[in-house]
Amino acid sequence: TIPVILDVDTGVDDALAILFAVAHPDIEVLGISCVAGNASLERVVENTLRILDVANAPEIPVAAGARRPLISPARSASHVHGESGLGTVHLPPSSRTPEPVNAVELMRRLITDSARPVTLVALAPQTNLALLLRQYPDLAENIERIVFMGGSASVGNATAVAEFNVWHDPEAAAIVLDAGIPTFMYGLDVFNQVAIDREVATALEDGDSAAGRVVGALLTNRVARGESSVAEYTGLIGDAGAICALVDPQALSTRMLPVRVELQGYGRGQTIVDQRSRVGEDTLHGSIDSWEVVEVTLDVDAPRFAALFL
Ligand code: BDR
Ligand code: CA
């Protein structure tokens with residue numbers, strides 16, 4: 001099994017990812033750290049505990065972390081994910097309780113105590129991870145790699161060029177990239193491709209399995225608004241695709257590419273991915289210090305990931 005810590009802002013996407021990660025026999029979820037993003041920190045923690053109930057999960061420690069980005073102002077994403085962060089899906093309160101420590105301390109403890117190197121799976125703004133890696137840089141020795149849903153080698157969503165998780169806390173993303181830990185980027189290029197057909201989602205929503213009904217409802221909530229502002233079903237599995245990447249990497253095309261996070265101006269939050277064949281040309285124009293080589297996913301066998309998720 002792959003020992004993982006999930007860092008989440010639950011969130012419809014994160015809910016789908018948690019349900020999948022807990023259910024997959026090759027993944028051992030050591031703990032979950034929560035951060036503000038798709039919803040307020042309190043909602044994220046509560047949604048996470050409720051989703052663990054839906055998943056019928058064993059006891060998994062959950063802790064609250066950062067309630068706002070390092071430098072950017074706190075911003076609400078309720079226009080995308082609703083006030084609750086789970087759209088129109090309402091779940092009963094959980095009897096689980098969060099750990100009485102900050103998420104950074106929970107992660108430190110889990111990484112230190114793990115007999116095997118841990119994979120950090122970041123599905124949210126990377127504020128918690130940045131704080132952890134700045135506070136305890138030596139933990140890198142027991143971190144296998146960082147797999148993050150975020151960034152893009154092409155289109156943005158929060159802005160024309162920036163993906164939400166990186167845009168929400170660009171300094172945090174830059175700090176995490178700089179930590180010297182092998183990094184795998186599951187960005188919008190692939191995130192936007194993996195979807196479940198509407199008939200399948202509706203059948204799940206009307207089916208016999210309690211968890212399946214919640215998954216179906218979360219999926220049928222997945223809509224995009226085009227120019228007409230009419231909501232159109234997309235069925236994206238979202239952050240759950242980053243979990244698929246852990247267990248079925250062969251379905252992805254990836255390249256080792258230099259990446260940097262833009263921190264200034266309109267491009268703030270953009271992941272600039274250098275896909276030129278002659279990498280390093282920037283030495284002609286100045287420093288290339290802030291580039292880090294990352295394994296970037298550029299394409300996915302989307303039906304294969306959709307089938308795996310189902
Ligand atoms: C990412 O931001 C959030 O909306 C989703 O949960 C996902 O992690 C996509 O940009
Ligand atoms: Ca997320």
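Predicted model: local features only at pLDDT ≥ 70, side-chain atom pairs only at ≥ 80, totals over all residues.
Residues are numbered from 1 along each chain as its sequence is written, and chains are lettered from A and ligands numbered from 1 in the order in which they are written.

Helix α1 covers residues 12–23 and helix α2 residues 41–54; they pack at about 40°, with axes 10 Å apart. Axes are lines fitted to C-alpha atoms, for helices over the stretch in contact, and angles run from 0 to 180 degrees between N-to-C directions. Helices (H or I, at least four residues) and strands (E, at least two) are DSSP runs, numbered from the N terminus. From α1, the contact uses Ala15, Ile18 and Leu19; from α2, it uses Asn47, Thr48, Ile51, Leu52 and Val54 (C-beta atoms, placed from the backbone, within 7 Å).

The open sheet has 9 strands with mixed pairing, in the order β3-β2-β1-β4-β5-β6-β11-β9-β10; strands pair if DSSP finds at least two bridges between them. Its edge strands, β3 (62–64) and β10 (271–273), each pair on one side only. From one strand to the next, the twist averages 30°. Strand β9 (residues 252–261) runs antiparallel to β10 and is joined to it by 3 bridges. Val261 has Thr271 of β10 as its bridge partner.

Key: Contact = placed C-beta atoms within 7 Å.
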